[in-house]
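Here is a short report for a first look at the model. Keep the view open as you read.

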Amino acid sequence: MLDAGKTQENLLEVNNIEVIYNHVILVLKGVSLSVPKGGITALLGGNGAGKTTTLKAISNLLHSERGEVTKGSILYHGKTVQHRDPASLVKAGVIQVMEGRHCFEHLTVEENLLTGSYTRTASRAEIDLDLELVYSYFPRLKLRRKSQAGYTSGGEQQMIAIGRALMSKPETILLDEPSMGLAPQLVEEIFTIVKNLNEEEGTTFLLAEQNTNVALRFAHYGYILESGRIVMDGPAAELRENPDVKEFYLGMSDDGRKSFRDVRSYRRRKRWLS
Amino acid sequence: MLYREAGDFKTSYEDDSQTFPIRFDRLAFYAALVVAFGIVPFVINDYWANAVALPFLIYAIAAIGLNILVGFCGQVSLGTGGFMAVGAYATYKLMTAFPEVNIFFHVLIAGGITAFVGVLFGLPSLRIKGFYLAVATLAAQFFLVWLFNRVPWFYNYSASGQISAPERTVVGVPVTGPHTEAWATYLFCLVFLAGSALIARNLTRGATGRKWMAIRDMDIAAEIIGVNPLRAKLSAFAVSSFFIGIAGALFFSVYLGAVEVGEAFGINKSFLVLFMVIIGGLGRIFGSLAGAAFLVLLPVLLKNTLVGTLGWPTDLAAHLEIMIVGALIIVFLVAEPHGLAQLWRLTKEKLRLWPFPH
Amino acid sequence: DLVFPDLSYRTGPYAANGIPFSDGYQDYMTLLNERDGGIGGEPIKVIECETGYNTEKGVECYEATKGEGALLYQPLSTGITYQLIPKATADGIPVHSMGYGRTSAKNGEVFHNIFNYPANYWDGASHAITEILNENEGDISNLKIALVYHNSAYGKEPIRTLEELSKKHGYTLTLLPVDSPGQEQKSQWLQIRREKPDYVIMWGWGVMNQVAIQEAVNIRYPMDHFIGIWWSGSENDVLPAGEAADGYKALTFHNLGSDYPVYDDLKKYVVDAGKAAGAGDQLGTALYDRGMYAAMLATEAARTAQTMYDTKTLTPMQMRDGMENLEMTEAKMAALGLPNFGPEFKVSCANHGGDGLGAVAQWDAKAKTWSLITDYFPADDEVLNPLIIEDSTAFAQENNITPGCN
Amino acid sequence: MPDQLLYAMEVLLNGLMAGVLYALVALGFVLIYKASGIFNYAQGVMALFAAMTLVGIMEGQVPFAHLINAAFGTDLHVFGWQLSGLIGILLTAVVMVVMAWAVNHLIFRHLVNQEPIILFMATIGLAYFMEGLGDLMWGADIKKLDVGLPQGINGWIDTTTFDAFGYGFFIDNLDIWATVIAAILVIALMIFSQYSKQGRALRAVADDHQAALSVGISLNFIWVLVWSIAGFVALVAGIMWGTKSGVQFSLSLIALKALPVLMLGGFTSIPGAIVGGLIIGVGEKLFEFAIGPMVGGATENWFAYVLALVFLVFRPQGLFGERLIERV
Amino acid sequence: MDRSEGHITEDGRKIGAVMMEMRNITLKFGGVVAIKDISFDIRQGEIRAIIGPNGAGKSSMLNVISGFYHPQEGEVWYNGSRRAPMRPYQVARQGIARTFQNIALFEGMTVLDNVMTGRLNFMKTNLFQQAFWRGKAEREEVHNREFVEKIIDFLEIQAIRKTPVSRLPYGLKKRVELARALAAEPHLLLLDEPMAGMNVEEKEDMSRFILNANDEFGTTIALIEHDMGVVMDLSDRVVVMDYGKKIGDGTPDEVRNNQAVIDAYLGVAHD
Ligand SMILES: Nc1ncnc2c1ncn2[C@@H]1O[C@H](COP(=O)(O)OP(=O)(O)OP(=O)(O)O)[C@@H](O)[C@H]1O
Ligand SMILES: Nc1ncnc2c1ncn2[C@@H]1O[C@H](COP(=O)(O)OP(=O)(O)OP(=O)(O)O)[C@@H](O)[C@H]1O
Ligand SMILES: [Mg+2]
Ligand SMILES: [Mg+2]
């Protein structure tokens, strides 16, 4: 299972891309990664490392933020995707769950979920079935199905965003910080859903996460991104054992987890790059 | 590197909050001031004054005013024409009622009166937001124009309903009426523009400006942080209308000399000034100047090229002219939605990196 | 060269009216150049400048052209005229606001440089009442008259006169303002339908005219009791209403149609020679005629000035004097190929407005022509003169002008 | 019945009819706003442009004749055909679709995810451009538009009411037609936006361009679609108003009549456009009838706005508009 | 342990008397009952956590405290007296500052300006003085700027002072928001998920800032957080909400072992 990333063909390949915002702000400085078909690949890194930017570069949402890929190439199924519009990518099976919720405020929860099925040609009954499935993942949403999404709580919006992506039955999901703002037991649940989808439906995942701990538990392969560069990559299990990763990303030191109360007294700062 | 800011360290917070923190900019600014006050008055002629300089100066004042409301406080207003009319009619009434008072004060007081009217029409902004507010301000536009047209007291019961500015002088030099000299009207308006820009700059770099911008960016959060939305919005309406009133006053008394309200202060005026603000850059004082310059100069330039140089029929030229203006507005927005000021800023950022691409 | 700027508007809300006027103005001047080599041998140079009926652009045009030796301005917009009155006076360039502009400019003792012959708005108001008087054997004391007017300075011009005249003749006057642009006039016309005024006078411009005539048709208001000012009397205004507009009346201060010798020359020297200012399709329309008439008055004044000063080239001041001494006679007009085209009148220092003569034209929808149904008749100067004196003295006082002829 | 009451009723009826005409213009605004959050100031100019194109096509005018003649010294004017109204309308609709495509590809595609005011500004630029383009293509003269709609007093209503009340009501045939057409349009558009998948997508796009892209809604498709429909609505409005007052520049100003309607009905509501139109129409006509004479008349231009403004103070999102979501 | 008069914590911080007390708060939105008859208090100087599943009503509770939501029932007591219903900006002036779950920074402004907005309630010059600038307004500006610079140093965001916040990555935005709240020198600081979307290291940084603020400025803190490690380590007392109801209240240890809390929220007993 863990070596799934190695044996399968690469579904998505990012080759040495550079991204510039507003024509001046260079954010990604040559990022390469490959996502194997049917794998869960994690993209880790601190704030501002460029995870979101990488995902947006893949899903082509960068244009709407006045960013552009100036170098390198992105291949999906071996074909370049740089000049396709995001909608056609979704049709091709790549969907991104955006960071920071991004619900359709004025639509109800249910309508939000239904927009996820926009590109599908499935029958109404099929879609209703999927809707029920999403509701079974997130019973809270069922309770609030008729409320406007703009009035739901932060976590509920996060569930909507994820549920909406699931509704499109994609081949590949780019998940940006799915755990953000979710209650602990839900975080587990979400990752379990990811795992199940991956195993049962063969859905491929590229997920950007801050919660390194969970991410590395569920992913097959991980990349660590810092200041726009990949600084380390490897199978998740290996990464978890790497002492640096342990210290900086998992918050473990030799003598187990430290209390957050103790951080007052010391500061650590070590980076592979700076 | 063409454009540098390295080696420019600030040693105090006063220095740090100054208007042009970069030396190069500061020098350019002083140079512009010297040219505007010291050189232009000596070379300007009637054509340049009346066709270019005066409209530019006056629209720039109006644009600064509107920018405060739209760009800084985020309240879109389409009532600019109406508020300019208030300024114009206020000066007219003042000029004719108190001929002994200096026109300078008339213009200022007219600004004050406009500020008051602006606050009145700003009251609904507490409830109404976004485009609803924009459309609601049209109520001010149409109502004010109707009022000035309808109540003869405003135009001193003149037979035609037009108002004409009598001659008034500043230190003996006429600035309104038929016998003005180009340099005098130019300088008179320039002083007001300089003053407006300075005041606007001071207000927007301090606490008031921050309140406005907070309301603009997220009014609810601003209120939770402690900004009284009523006072912030109304003060923006007041300050904005003050400048717009001054612009209206100058527009009537110095520039045109005679106006009819519906014609001079119609809804097109509102749109024109809003154009300037957006093309120039929302929330940038410099943007207002750039926007005003752009929209005053562009048509004149186009007309002179198309008709004067290329010898096209005037009507073709006029049709093409508005097409080009429209297209350029779109091109600019597409190239840089945040206006000329932002374009300028990005250019500088690039220059700073030059010759490296980033 | 004799420089005549033409502040035209071929764009904007009033383009449809501005185009024929400007065509007529320019074509006539072109004709003189082509046929006669100008005026008295001196070629004419027309500088066209597009104002879009916008005062600011008007100012720009004025400033741009005045340096070229402009002899005379015909602003063709009341707003621009008001702007130019002080400016042109200071610059010593005459302005001819023919049938528009500031009415009291008729008093040349105050407005040295401004001319508004042959007739002005107040004359027009008086003409309308006189016409109604004539149609009713001189007794209109129990008639109801409604004024439908453009709610602007322009539209308000006749009110004062009509009020004064109602004191004199005893009719009741109803005022019905229409806001610019005037696309919606249901309220006004429903009111007319209810109150059934005996006559409706209209002071409209642009789209307001067509809509008003259409609405009048809709409520079946008798068209021959509907009288428009000369700016409400072009083909543009009546054609959209089609047949039903037949019988609509409009005032005018010059003749209409294309049945004049000069038109043969226009065709020959200008249109067919490809020198027409516009598309050449406006010849003979009311506003083309008016533009041509304005050009004719301008060139005749220039001729007068040339004789007065015995020179070919003119200065604006000489042009002004030419205008002040202009005399239009039937003989002159006939010689120009425009027999019976306008009233005879004579300008003087005290009277920059001519004799205020006007006539009534009526629309024949079948033939699509306007034709005069009256002779030129004068305005009621007894009522108007005091008003003009009052207004012009007020202006003189405001601007420290000592009235007088020098 | 006392006369005053009869008059008031007549005014009221005419107000309703006028309201329908305003609503026709407002509908175009609503559609585009609903689908993109763009406040399309160019709607009025689109109506003018559509009407001009219709007349031009029907009368076989050569587009850009003036420009071509000036540039090449030719003497083109007309093709020499005369088309019927129906064919003209169909061809014009095609032109409006082309326009929709161009608008999207040249402008709004590049402005995805920008603030509403920027988009608004772009539509004003567009309005300028189309105004110039229309004049350049078809000339600035007044054109008579006749697609065969009847105009003038409806005799049947006149005589019937006269027999009943002793005062014949004036109702314009054109207004009756406008009402019928507007009703059909509104119902069709409501069905479209309520019951189609695209309808939901429209609202999603208006809420969040980026998120809509991320779930695979093609902004290009939605926008071309909506601008096409809005172009068609503009054509209908242009026909109605053009028949009434001739096709000329001022036609573009009817946009100003539609704005208070929008405010009152709510920017996002199709039925709101109709209801708002009726309220504004009746309100301004009755005000002009009852109060107008006391304050000197010509109140219609501002009264509609003031009415809408006062109304908004109590209901900031208009009658049927979507409530502003205010949360932190 | 009776704590009505305050006490000293193990690590030597002084917890004082009750500062803010919510009494029987009920908040409804149409049919949705977001908060059902909840009471709890916050003491001077303590760090009080509020936890609960998504949609439990935690953020709504903070909104009630900030005066943005007005509860249908219940009373808010602040500093010993009952608080009349008031507008949010009036609440802010009483010394209550906060951060938001969905970051509510002023996107069009620089970091510095954002933080300076926290000082607005200390800026007393009027419009005319500010228009004139030289003199009073400038002195006031500089004075407040000095304070803000201290906060900026404290939160280690010197380098991005002049950057427009819209360009910042999520985590830094959260920090700027904290800076803005701290700049107001609040008596009570409300933090809504300050550590969401951060990695461990950044959480540690954030914890340090929170603890230091609590320590150095003596700020009372109410904290919503989903990271149990952080909550358990930092807070003095924890309120647990579950779909509008309060299901637990007490020290971290008490809460951690409360079966109702485990069932509703934690899922598994947390270490
Ligand atoms: N629209 C934009 N304009 C300019 N700069 C941007 C923009 N969006 C992101 N950046 C910059 O790009 C860098 C990477 O940002 P990105 O959002 O990709 O980081 P991230 O790894 O997703 O961080 P986080 O974990 O906080 O979400 C940051 O430094 C940010 O300032
Ligand atoms: N203004 C509102 N209108 C309608 N419902 C609301 C409103 N505000 C909150 N709610 C509802 O109240 C409930 C509580 O919301 P709240 O935001 O307080 O949850 P929360 O505990 O902060 O959850 P999370 O951990 O996901 O942020 C939610 O179901 C939400 O949908
Ligand atoms: Mg991110
Ligand atoms: Mg919350």
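This is a predicted model: local features need pLDDT of at least 70, side-chain atom pairs count only at pLDDT 80 or more; totals for chains, interfaces and linings use all residues.

## Chains, sheet and metal sites

Chain A and chain C share no contact (heavy atoms within 4.5 Å). Their closest C-alpha atoms lie 37 Å apart. Chains C and E are not in contact either, and their closest C-alpha atoms lie 32 Å apart.

Residues are numbered from 1 along each chain as its sequence is written, chains are lettered from A and ligands numbered from 1 in the order in which they are written, and side-chain values use heavy atoms, with hydrogens and water left out.

**The sheet of chain A.** Four strands of chain A form an open sheet in the order S2-S1-S4-S5, with antiparallel pairing. Strands (E, at least two residues) and helices (H or I, at least four) are DSSP runs, numbered from the N terminus. Two strands pair if DSSP finds at least two bridges between them. Strand S2 (25-36) and strand S5 (79-80) of chain A each have a single partner strand, so one side of each is left without a neighbour in the sheet. H2(A) packs on this sheet and touches S1, S2 and S4 of chain A. The direction of H2(A) makes about 115 degrees with that of S1(A). Such angles run from 0 to 180 degrees between N-to-C directions, and the axes are lines fitted to C-alpha atoms, for helices over the stretch in contact.

S1(A) (residues 10-21) is joined to S4(A) (residues 67-76) by 8 bridges. A:Leu12 has A:Tyr76 as its bridge partner in S4(A). Between S1(A) and S2(A) there are 9 bridges. Here A:Val14 is partnered by A:Leu33. The hairpin of S1(A) and S2(A) has 3 residues between the strands, and A:Asn22 takes a positive phi near 50 degrees.

Donors are N, O and S atoms within 2.8 Å of the metal (3.2 Å for Na, K and Ca); water is not among the atoms, so sites may look incomplete.

| Ion | Protein donors | Distance |
|---|---|---|
| Magnesium (ligand 3) | A:Thr52 (OG1), A:Glu99 (OE) | 1.8 to 2.4 Å |
| Magnesium (ligand 4) | E:Ser59 (OG), E:Gln101 (OE1) | 1.9 to 2.1 Å |

E:Ser59 is buried at 14% relative accessible area. Buried means under 20%, exposed over 50%, and partly exposed in between (1.4 Å probe, protein chains only). E:Gln101 is buried too, at 9%. In chain A, A:Thr52 is buried at 16%.

Helix H4 (residues 80-97) of chain B has 18 residues and reaches 25 Å from first C-alpha to last, close to the 26 Å expected. That expected span is 1.5 Å times one less than the number of residues. In H4(B), 16 of the 18 residues are buried, so the helix is largely enclosed by the rest of the structure.

C:Arg35 lies in helix H1 (residues 15-36) of chain C. C:Arg35 is partly exposed, at 26%. Its side chain makes a polar contact with that of C:Asp265 (2.6 Å). A polar contact is a pair of N or O atoms within 3.5 Å; within protein, one must be able to donate a hydrogen and the other to accept it, and residues adjacent in sequence count only if both atoms are side-chain atoms.
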